[in-house]
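Please keep the sequence and the 3D view at hand while reading.

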Amino acid sequence: MRNRLQYFIFSFLVLSLCVSRAQQMRDSTAISFSLRNIEGKKYTLKENLGKRITVIVFWSTWGNDSMKMLHDLQWYYTQYHSIGLQVVSICVESQSIMPSDIIHIRAILNGENVTFQNLIDEKLLTFQAYSIVAVPTLIAVSPSMKIVFKLSGYSLIGKEKFSSFIDSTFGNKHSQARRNITEYMPNKDALRYSNMAMKKYERGDLESAEKYAIKAMQLDSLFSVPVVLSVEIALELNDTLKANELLSLFLRPEIKSGNKFLLQSFLYAKTGRKKEAMNLIEGNITDSLNAKERAMYAYVLGKAGLIQQALNEFQKAKKLSPAEFRIPMLRMEICKQAALTELVKKDSLLIKQYGRQ
Amino acid sequence: MNIQRIYMVSVAIVICLRFTHSQQKQATQESCITAKCHATFGTEKFVHGPVAVGECKACHQPVQNEKHKFVPIKKAEDFCLKCHERLEKKGVVHAPVMSGDCTGCHNPHQSNQAYFMRKGPIAETCAKCHPQEAMRKKNVHAPVEDGDCLTCHKPHASEKPKLLSKSGNEVCFECHSDMEQNFTEAKHVHAPATDACVKCHNPHTTDTSPLLVKEQPDLCFDCHKNIKNHVDKSTVQHAALTVDNKCTNCHSPHESQIGKQLKDEPMKLCLTCHEHPINVAQSDKIGNIKELLSINKNVHGPIRDRDCSGCHDVHGSTNFRILKKYYPKEFYTSYSQVQYELCFGCHQQSLTQEMKTTTLTGFRDGDRNLHYLHVNKKTKGRTCRSCHETHASNNAKHIRDAVPFGQWMLPIKYEPTPNGGSCTPGCHARKEYSRFIPSSTNNKK
């Protein structure tokens with residue numbers, strides 16, 4: 001009877017402790033603990049929190065991925081300890097730890113060259129307090145003891161998540177937002193043919209350029225780059241009719257392109273419709289133009305007789321992309337018109353460097 | 001005397017002028033391009049300047065006093081350089097350029113091709129020395145298919161090996177610009193891909209798609225020898241390695257946002273096949289895992305982490321269902337720690353070793369460890385599968401709805417309570433357990 005009463009009281013105390021700790025965990029507040037480290041010294045979590053993040057890892061020598069996690073944590077610890085990362089490992093080897101277990105644990109930690117604190121949870125009280133189900137389990141705690149990250153096991157995805165968490169906490173490059181993958185991406189082969197077309201166009205092989213641009217358009221009718229290029233090729237071959245046909249293809253609403261008016265304006269400028277060209281660009285030019293677009297804009301200005309303004313815009317385009325081959329091509333045309341002989345010579349040399357005849 | 005001298009000089013001038021005139025006349029009259037001779041010259045799309053103006057002697061020097069005999073042209077380059085700039089012979093120089101054999105590739109008279117190329121597409125000219133038969137395997141690189149060798153190579157000289165226009169992968173990225181962007185943005189990049197595309201791809205033609213130098217998985221195994229050894233030793237093979245794209249069914253050979261170069265989250269990849277039942281043997285069928293997971297909300301940890309490889313070795317195994325470690329198929333087994341290697345890779349080993357506990361598990365009656373009670377038996381120890389559904393169930397701790405006993409499925413009727421629970425399986429009558437107030441005495445009654 002006395003034994004039963006004692007057990008009842010003990011159970012009540014354990015349960016109360018568990019309930020309050022479980023409540024804490026539900027509130028995402030970490031439970032402080034005091035455990036002995038592998039050298040037998042007392043260690044209290046609250047007194048050793050990192051300035052930015054404290055990672056608590058529950059591990060064991062028998063745990064499948066414990067070594068991998070310790071290894072990775074050591075790497076992070078080396079990288080970020082000086083800027084506020086604290087790591088503490090808790091070995092949850094078994095319910096009853098033997099001296100031989102300690103020797104084994106120490107050997108493993110030495111083998112992994114672990115330099116952070118290593119504690120032993122001899123009676124698995126902390127293991128229970130944190131409701132650990134799988135080993136290893138990793139818990140990241142803020143300086144105010146809030147649980148900010150938890151990882152049970154060390155799966156590939158878990159590893160990635162933890163890596164992103166650390167990266168974002170310590171400002172690594174991978175935390176930067178990736179390109180929005182839901183945005184339109186051209187068909188891969190279309191992109192390749194379009195690039196081939198561009199290369200041929202750059203070198204003045206208009207026939208091949210046209211052939212590849214057509215292939216790209218056939219593979220992806222929504223891809224704007226080969227359509228724009230085809231318009232440029234047609235204009236260079238003085239095929240205005242074809243250029244206009246292609247332009248109407250480009251102006252379809254299905255084709256998404258930011259500055260559609262610019263190609264239209266460029267085509268007008270090329271075909272002598274200077275006023276219409278200028279009307280189209282008026283009030284529509286923004287800072288977002290890329291080098292090619294800015295060169296086209298400069299060309300439209302030049303054709304309208306605004307030579308100095310045009311030269312300035314060509315200069316801006318060059319700053320955006322010095323390798324953009326359209327810049328010397330279009331500028332030379334404007335300079336010829338304005339009888340700027342020196343600039344014509346300079347551009348002619350640049351064009352030759354692209355292999356254009 | 002003076003008159004005589006003046007007369008003589010005048011005669012000489014007249015003779016000279018007449019001679020010059022006759023020479024000019026002769027030159028015009030002796031143009032090689034006539035309706036009868038060399039009539040086809042000047043008829044093609046591109047005509048070389050000297051031919052166009054009938055200046056054949058610019059290159060062909062007649063042997064003195066011999067009609068229709070010319071000094072043999074030993075080195076074409078000597079004549080070309082009279083008008084054309086000398087090509088820089090730096091770095092890697094194309095053999096004909098080195099030997100000055102410009103006319104090996106260029107027709108010095110006329111051509112229907114740009115740059116006076118001797119034959120149609122550039123490749124036909126190249127084929128004179130570089131046999132094209134070897135370029136016509138099952139899969140051909142687009143520029144090769146189009147006969148456009150100059151997409152990648154320079155015709156005269158280059159600073160880069162193989163007369164490439166750019167070095168290393170840069171030449172590939174000129175067209176495959178998406179790859180370059182992907183490499184820059186990716187978290188994980190396959191090292192050989194960034195080193196050199198040609199480590200895995202043939203830039204011209206191969207019998208293996210996509211232009212691989214070898215079939216998969218042999219190509220991958222050339223470096224990943226450990227995986228090869230593992231696959232060779234496996235008695236239970238994973239079909240994913242042998243069907244469709246083999247290694248690249250799951251791995252991206254270029255770049256990835258997920259470790260191990262995976263194309264997507266591991267479980268998503270698995271469920272692309274395991275979304276329907278799969279027959280593995282005559283009487284062995286793997287169920288529709290996707291469906292199982294969609295109708296059961298309490299999932300096993302690795303599944304919650306969307307990683308089936310927590311338990312399964314995707315490259316093959318010596319254990320059934322390509323499990324990473326041994327896991328008993330049976331309902332009963334004689335207890336030994338080794339029997340539960342798979343589960344005890346993550347879960348506390350002492351769970352089935354300690355008769356009493358207040359910390360190891362919630363499945364205890366007071367301090368009586370019920371895991372130990374069920375599992376740790378010399379005969380008829382219950383295996384994990386007796387009570388737990390390994391993938392998912394609608395009960396806490398993914399406890400089964402029913403116990404698989406032979407061909408029967410005996411309902412467990414598990415009912416959790418805040419401090420314990422009860423079950424009424426076919427194995428025994430209803431039993432309760434409580435972590436707070438032990439129910440053992442009640443159960444015995």
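## Terms and model

Helices and strands here are DSSP runs, numbered from the N terminus; a helix is H or I with at least four residues, and a strand is E with at least two. The model is predicted.

In chain A the mean pLDDT is 86, and 88% of the residues reach 70 or more. Over residues 174-180 of chain A, pLDDT stays under 50, and the model has 8 contacts beyond four places in sequence for this stretch.

## Chain A overall

Chain A holds 15 helices and 7 strands. Of its 357 residues, 39% are buried. Among the contacts in chain A with a separation of 6 or more, 59% join residues 24 or more positions apart.

## The sheet

Chain A has an open sheet of 7 strands, with mixed pairing and the order β2-β1-β5-β4-β3-β6-β7. At its edges are β2 (42-44) and β7 (147-152) of chain A, each of which pairs on one side only. On average, neighbouring strands of this sheet are turned by 30 degrees against each other, direction ignored. Helix α5 (residues 156-170) of chain A packs on the sheet and touches β3 (53-59), β6 and β7 of chain A. The direction of α5 makes about 155 degrees with that of β7(A).

In which sense do strand β6 and β7(A) pair? Strand β6 (residues 137-141) of chain A and β7(A) are antiparallel, with 5 bridges. A:V141 has A:I147 as its bridge partner in β7(A), and A:L138 has A:L151. The hairpin of β6(A) and β7(A) has 5 residues between the strands, and A:M145 in this hairpin takes a positive phi near 70 degrees.

## Nonpolar cores

The largest nonpolar core has 51 residues. A:A197, A:L229, A:V231, A:A298, A:Y299 and A:V300 have the most contacts inside it. Helix α8 (residues 224-236) of chain A gives the largest share of this core, 8 residues. Leaving aside residues up to four places away in sequence, A:V231 touches A:A243, A:L246, A:L247, A:F250, A:L263 and A:L267.

Another core, of 41 residues, lies apart from the largest one; among its members are A:Y80, A:F127, A:A134 and A:L151. In soluble globular proteins, nonpolar side chains tend to be buried together.

## Helix α10 of chain A

Why is helix α10 (residues 260-270) of chain A described as largely enclosed by the rest of the structure? The reason is that 9 of the 11 residues of α10(A) are buried. These are A:L262, A:L263, A:Q264, A:S265, A:F266, A:L267, A:Y268, A:A269 and A:K270. Their cover includes α8, α9 (240-250), α11 (274-281) and α12 (291-303) of chain A. Just after α10(A) comes A:G272, with a positive phi of about 85 degrees.

## Contact between chains A and B

The contact between the chains takes 36 residues from chain A and 39 residues from chain B. On the side of chain B that touches chain A, α6 (142-145), α8 (177-185) and α15 (301-304) of chain B each supply at least two residues. The most comes from α8(B), with 3 residues.

By class, this side of chain B has 12 nonpolar, 16 polar and 11 charged residues.

Definitions and conventions
Residues are numbered from 1 along each chain as its sequence is written. Chains are lettered from A and ligands numbered from 1 in the order in which they are written. This is a predicted model: local features need pLDDT of at least 70, side-chain atom pairs count only at pLDDT 80 or more; totals for chains, interfaces and linings use all residues. pLDDT is the predictor's confidence in each residue, from 0 to 100. Two residues are in contact if their C-beta atoms, placed from the backbone, lie within 7 Å. Two strands pair if DSSP finds at least two bridges between them. Axes are lines fitted to C-alpha atoms, for helices over the stretch in contact, and angles run from 0 to 180 degrees between N-to-C directions. A residue is buried if 20 or more other C-beta atoms lie within 10 Å of its own, exposed if 12 or fewer, and partly exposed in between; C-beta atoms are placed from the backbone. A nonpolar core is a set of buried Ala, Val, Leu, Ile, Met, Phe, Trp, Tyr and Cys residues joined through C-beta atoms within 7 Å. Ala, Val, Leu, Ile, Met, Phe, Trp, Tyr, Cys and Pro count as nonpolar, Asp, Glu, Lys and Arg as charged, and the others, Gly among them, as polar.
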